Amino acid sequence: MLFMNSSLHGWFYWALLSALFAALTTIFAKLGIQNVDSDFATLLRTAMVLLVLSGFVALTGKWSNPLALSPKTWMFLALSALATGASWICYFRALHIGQAAQVALVDKFSLVLVALLAFAFLGERPSLREWCGIALIASGVLVLASKR
């Protein structure tokens, strides 16, 4: 059975949980933005995420001195935060005017972009099997984007 395969690393289970929560995020967001501006909804959601994560970090004893982080770490975390904010704004706007399943599927084109950027900038080398999966995802997005 796939889930019992001991050769799979712990990251796989966390990634599956991430996918589950991302799916729930889309459904809950679509229901939550019915009568509110999508940008304002993104702000409220971000504030809630900040509160939840602050409590989680405090309760698990993972708080450390942020001033001890290197400037490089701060720079990349800031860039990641800016990209996250831009992604959320675009996602909520698309979700506000589109169908949840369509928006989520096109949003997953980010998987293709991650693979290409990781190849170019991080030196990651996906296997042939992984490139085939990436090509299938890209093909699916193209099918969705084409006119009927």
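How exposed is Tyr13, in terms of relative accessibility? Point 2 has the answer; first, some ground rules.

1. **What you're looking at.** This is a predicted model, where local features need pLDDT of at least 70, side-chain atom pairs count only at pLDDT 80 or more, and totals for chains, interfaces and linings use all residues. Residues are numbered from 1 along each chain as its sequence is written, and side-chain values use heavy atoms, with hydrogens and water left out.

2. Tyr13 counts as partly exposed because its relative accessibility is 30% (buried is under 20% relative accessible area, exposed is over 50%, and partly exposed is in between, using a 1.4 Å probe and protein chains only). Trp11 is exposed at 54%, while Phe12 is buried at 19%.

3. **Rings together.** Trp11, Phe12 and Tyr13 make up one aromatic cluster. Rings of Phe, Tyr and Trp (its six-membered ring) pair if their centres lie within 6.5 Å; planes under 30 degrees apart are stacked, over 60 edge-to-face, and the rest tilted. The count by this rule is 3 aromatic pairs. Among them is Trp11 with Phe12, edge-to-face at 5.7 Å centre to centre and 80 degrees between the planes. Phe12 with Tyr13 is edge-to-face too, at 6.0 Å and 85 degrees.

4. **The largest pocket.** Here you'll find about 1300 Å³ of space. Of its 27 lining residues, Trp11, Ala15, Leu111, Val114 and Ala115 are the closest to the centre. (A pocket is an open set of points on a 1 Å grid over the protein atoms alone, where a 1.4 Å probe fits, with protein on both sides within 12 Å along at least five of seven lines; lining residues have an atom within 4 Å of a point. The volume is the space filled by probe spheres set on the points, which are joined across faces, edges and corners.) Helix H5 (109–122) is one of the contributors, and H5 gives the most, with 9 residues. Helices are DSSP runs of H or I, at least four residues, numbered from the N terminus.

5. **The second largest pocket.** This one has a volume of about 950 Å³. Its lining has 29 residues, and Phe21, Ala22, Thr25, Arg45 and Trp88 lie nearest the centre. H1 supplies the largest share, 11 residues. Look at Arg45 again: its charged end sits over the ring of Trp88, 4.2 Å from the ring's centre (the rule asks for NZ of Lys or CZ of Arg within 6 Å of the ring centre and within 35 degrees of the ring normal).

Notes
Helices (H or I, at least four residues) and strands (E, at least two) are DSSP runs, numbered from the N terminus.
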